[in-house]
Amino acid sequence: MSGSLLEVKGLKMHFPVHGGLFYRQVATVYAVDGVSFDVRPGETVGLVGESGCGKSTLGKAILRLYDPTDGQVFFEGRDLAHVHGKELRMLRRDLGIIFQDPYESLNQTHTVGFILEEPFRIHCVGTPEERRAWAKDLLKKVGLPESAFERFPHEFSGGQRQRIGIARAIALKPKLVVCDEPVSALDVSIQSQILNLLLDLQKEMGLAFVFIAHDLAVVKHVSDRIAVMYLGKVVEFSDADELHHKPLHPYTQALLASIPEPDPSKSVEEKPFLEGEVPSPRNPPAGCRFHTRCPFAQPRCRTDIPELKAGPGVAPEHLVACHYAGELKPKS
Amino acid sequence: MSRFRLDPLTRKKFARFARIRRGYWSAVILAAAIGLSFFSEVFVNSRALVVRYQGRWYFPTYGAVIPGKTFGLDYEYETNYRRLKAELAAKSGSDFVLLAPAPYNAYENDLQEGIYPPTAPSFADGHYLGTDTSGRDVLARLVYGFRTAIIFSLLLLMCNYTVGISIGCAMGYFGGLFDLLFQRLIEVWSNVPFLYVIIIVASIMVPNFFSLVFIMMFFGWMGMTWYMRTVTYKQREREYVLAARALGASDAYIIFRHILPNTISVIVTFIPFSVSGGIVALTSLDYLGFGLPPPTPSWGELLRQGTNHLDASWIVLSVVLSMIVLLTMVTFVGEAIREAFDPRRHTVYE
């Protein structure tokens with residue numbers, strides 16, 4: 001796809017586990033294991049999945065906060081996974097990240113002003129006075145008073161801190177921002193404010209988002225396209241509406257079914273809940289990784305790894321990784 | 001400038017420190033003593049503070065030697081101001097000499113005819129704490145010895161911390177093989193018997209002030225590395241470091257702007273204990289005779305004289321009491337800092 005801003009191809013992020021007397025590698029955590037998807041300019045791609053499925057790792061590996069084990073991350077045609085030093089630092093001007101925990105992602109010892117001037121300082125743009133003015137503009141943009149400039153992060157509430165984190169991420173006018181569960185640590189009432197702020201900024205600045213969340217309801221609200229992850233792999237990738245109405249993968253179906261519906265007439269028991277725990281990414285199951293919990297699992301699922309390909313009877317851009325996609329009827 | 005403002009948490013810690021009276025006042029007194037010790041020449045000196053001679057003013061404390069001829073005496077070497085004072089007083093003119101409160105320096109042997117040193121404390125002679133076995137003023141040697149010890153200790157601290165913090169920080173930040181190699185190296189290095197090395201070195205060359213600092217740093221930098229390594233390791237995984245890296249910050253930027261400011265409380269907590277450690281180390285080396293070369297005024301050397309001449313109790317008493325007071329105060333400061341910077345007191349569950 002030539003129109004893509006970001007194209008992730010077969011990205012793998014494995015973490016070695018060392019132990020024993022001679023610090024040998026005793027195991028490997030397959031956090032992200034061959035993920036491919038793409039992001040077009042100005043669109044939002046949602047990444048959903050249970051905790052521990054590798055979505056945050058994927059987000060950080062895209063930005064080269066980790067060195068990927070294998071695969072490519074093309075950002076405007078350049079492979080982020082294989083650039084180094086100055087080139088990487090220059091590319092980072094076009095990338096931003098918003099973290100989940102606004103208490104952790106701001107350094108307590110710095111003032112808000114210092115934090116917001118930091119992107120400019122790191123890239124040596126502007127004079128001190130200009131940086132100050134730009135930082136104040138950023139505060140205005142994210143809806144914080146100018147008086148916040150001289151104050152310290154701990155004087156703010158969670159939502160306000162997340163606004164500071166967002167201001168920092170957009171300071172250099174990036175083209176792509178990875179939002180790593182930006183609202184999961186916040187109150188529900190604050191969540192929508194932050195989401196709307198993100199959407200406003202997207203419209204205003206033409207940002208593309210990779211929006212990571214475990215809450216499908218939130219992702220559905222903000223995303224143009226959604227990638228569903230399970231144990232280090234993308235199991236379904238499609239247009240948000242399409243995914244909502246025609247989920248093909250049994251895992252997606254289960255996730256969608258687990259969104260609570262504000263309908264008192266529906267009984268909770270009717271819904272198909274997933275049983276069991278997510279298997280350990282240290283020792284993922286062979287074949288389809290979902291087969292241990294899949295209600296439709298067949299013998300073939302235990303041995304053959306399903307590929308991510310266009311699903312039957314849906315739009316061509318609706319990709320799914322299931323041998324029996326389309327043949328399964330969701331119970332509901 | 002926002003950059004130089006202390007963050008509120010650190011300010012809270014200092015406010016807590018100020019509320020711990022014992023530690024706070026010890027710190028104030030120590031700071032004053034250290035500050036004043038740099039002007040010891042004004043208080044303890046054989047040179048006079050002010051001389052008025054034949055209508056002219058002289059301030060001999062600092063500056064070049066004023067030969068005796070200047071004041072109409074019959075010698076070219078430095079004026080003996082105590083004698084000059086007696087002579088001018090006898091003449092009862094408008095000329096006078098104002099001596100320092102303790103009119104002896106740390107090096108001169110005040111040998112009086114018919115008396116074998118050490119001599120007991122005497123206000124009439126101006127030897128407020130008596131003289132040592134060579135007839136040198138004990139007070140002068142205490143005061144200048146304190147200055148030597150504290151400068152030595154602070155210099156050693158700076159050297160130790162510079163090396164220890166840099167290496168510890170690098171170990172924690174870069175991790176991996178670098179970390180592993182240095183851990184083993186430090187373990188081996190820590191087991192080198194420091195005292196033997198000093199004895200060997202001292203037998204080859206007489207160490208001077210700076211070479212002694214260097215030798216002690218050579219075997220003293222390891223202590224700080226462990227703490228710095230741990231703290232850095234912890235900070236490195238924090239999300240704000242990731243955030244800075246995602247913005248394109250270099251390793252140096254992250255270490256100096258993000259990690260070090262967050263490790264200050266650890267460093268500050270260790271400073272007083274390192275200071276007292278440095279003083280004790282220098283004193284014990286001097287006591288054993290492997291420290292600074294004589295006749296440098298030092299507490300260890302005074303202590304050795306004192307223990308060899310227990311009948312001259314003023315020597316051992318004055319140095320032991322000074323040691324006790326100094327080390328107790330430093331420990332009080334250390335305690336108060338540790339208490340004020342205790343992270344458990346500042347943990348806020350939000």
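Guide: In this predicted model, Glu129(A), Glu130(A), Ala133(A) and Lys140(A) of helix 4 of chain A are exposed.

Visitor: Which residues of helix 4 of chain A are buried?

Guide: Ala135(A), Leu138(A) and Leu139(A) are buried in helix 4 of chain A.

Visitor: What puts them on the same side of helix 4 of chain A?

Guide: The arc they cover around the axis is only 100 degrees, so they fall on the same side of helix 4 of chain A. What covers these buried residues includes helix 3 (112-122) and helix 5 (158-170) of chain A.

Visitor: How do you know that the span of helix 4 of chain A agrees with its 14 residues?

Guide: Helix 4 of chain A runs over residues 128-141, and at 1.5 Å a residue it should span 20 Å. Its end C-alpha atoms are 20 Å apart, so the two values agree. After helix 4 of chain A comes Gly143(A), with a positive phi near 80 degrees.

Visitor: Why does Arg168(A) count as buried?

Guide: A residue is buried if 20 or more other C-beta atoms lie within 10 Å of its own. Arg168(A) has 28 C-beta neighbours inside 10 Å, so it counts as buried. Arg168(A) sits in helix 5 of chain A.

Visitor: Which residues is Arg168(A) in contact with, leaving aside its neighbours within four places in sequence?

Guide: Arg168(A) is in contact with Ile115(A), Leu116(A), Glu118(A), Pro119(A) and Ala243(B).

Visitor: How many residues of chain A are in contact with chain B?

Guide: On chain A there are 25 such residues, and they are in contact with 21 residues of chain B. Strand 6 (95-98) and helix 3 of chain A each supply at least two residues of the side of chain A that touches chain B. Helix 3 of chain A gives the most to that side, with five residues.

Key: Residues are numbered from 1 along each chain as its sequence is written. Chains are lettered from A and ligands numbered from 1 in the order in which they are written. This is a predicted model: local features need pLDDT of at least 70, side-chain atom pairs count only at pLDDT 80 or more; totals for chains, interfaces and linings use all residues. Helices (H or I, at least four residues) and strands (E, at least two) are DSSP runs, numbered from the N terminus. The expected span of a helix is 1.5 Å times one less than its number of residues. A residue is buried if 20 or more other C-beta atoms lie within 10 Å of its own, exposed if 12 or fewer, and partly exposed in between; C-beta atoms are placed from the backbone. The arc is that of the directions from the helix axis to the C-beta atoms. Two residues are in contact if their C-beta atoms, placed from the backbone, lie within 7 Å.
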